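Here are a few exercises to work through with the model open in your viewer. Try each task before you read its solution.

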Amino acid sequence: QDPTKTNKIFTDIWDLAVKQKISDDPRIFLDPAHEAGMMLASLKIPLEEAFAFCGTTFKQGCMHGYIMDYIDDKYPNEIDPKSLKTICENLKDPLSKINCIHGLGHELTAKIKKDLPEVLSTCKDIAENASELSACQSGIFMEYTKGKPGTGSHSHNAVGLVRLPCTTLPDEYKKTCIASEGAYRQYNPSHEEFKTTYEYCLSNDAEYIPSCMLAVSEREVI
């Protein structure tokens, strides 16, 4: 009813969660945050204005939801990654740009009907630095875990349904893949115990363990 209050709603919930005044696991608000962004996109609110309405709580999920629905509406068919880059490149706020690029990653998985390494390689046409590359790749991995890559539009399935094939990927993608696998196993409450996910991190080569452990630990304080 009032898109301008989107940020306030999620900020108020976030503050309650931080103060431990919500008995439920706060991760239950990650999907509603994405859905709020999708609603903003359906209202045809311009990107920068929508991102301002979204705010940054709950892992900037509102921004991701906006970008995914925006692209599905504007680019209903298979897309050229280089054309997607223009959507995010004028964003002046670094956090907004990173999250915009993460959303692009979701759509690359949804719209490009190729093997995962080939989809991941398209991030090089979008990212201008290591942080943007990681954001794009993590978006690709996140959408992949929903189990419906290449169907033409982003999936509404739960994150973490499908395991990522990290060990079979080229080395250049393994660090982000393993960290993403750790994070997305803990995206939803009760998916598996944190102990089990930490054990997954420890099962990998030593060079990948720190980033995986950090990604999992961030889910404990969301």
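**Exercise 1.** Work out the handedness of the disulfide between Cys-123 and Cys-136 in this predicted model, and what the link ties together.

*Solution.* 
1. Start with the bond: the sulfurs of Cys-123 and Cys-136 sit 2.1 Å apart, S to S.
2. Next, the torsion about that S-S bond comes out at about -80°, so the disulfide is left-handed.
3. Now place the ends: Cys-123 is in the loop between helix 7 (116-121) and helix 8, while Cys-136 is in helix 8, so the pair ties together parts 13 residues apart in sequence.

**Exercise 2.** How do the disulfides of the chain pair up, counting bonded cysteines along the chain?

*Solution.* 
1. Count the links: there are five disulfides.
2. Number the bonded cysteines along the chain, and you get 1-2, 3-4, 5-6, 7-8, 9-10.

**Exercise 3.** Which element gives the largest share of the lining of the second largest pocket?

*Solution.* 
1. Find the pocket, with a volume of about 260 Å³.
2. Helix 1 (6-18) and helix 2 (30-42) each give two or more lining residues.
3. Helix 2 takes the largest share, with four residues.

Technical notes. Residues numbered from 1 in each chain as written. Predicted model: local features only at pLDDT ≥ 70, side-chain atom pairs only at ≥ 80, totals over all residues. Heavy atoms only, no water. 1 Å grid on protein atoms, 1.4 Å probe; cavity = no way out; pocket = protein on both sides within 12 Å on 5 of 7 lines; lining within 4 Å. Points joined across faces, edges and corners; volume = space filled by probe spheres on them. Disulfide = S-S within 2.5 Å.
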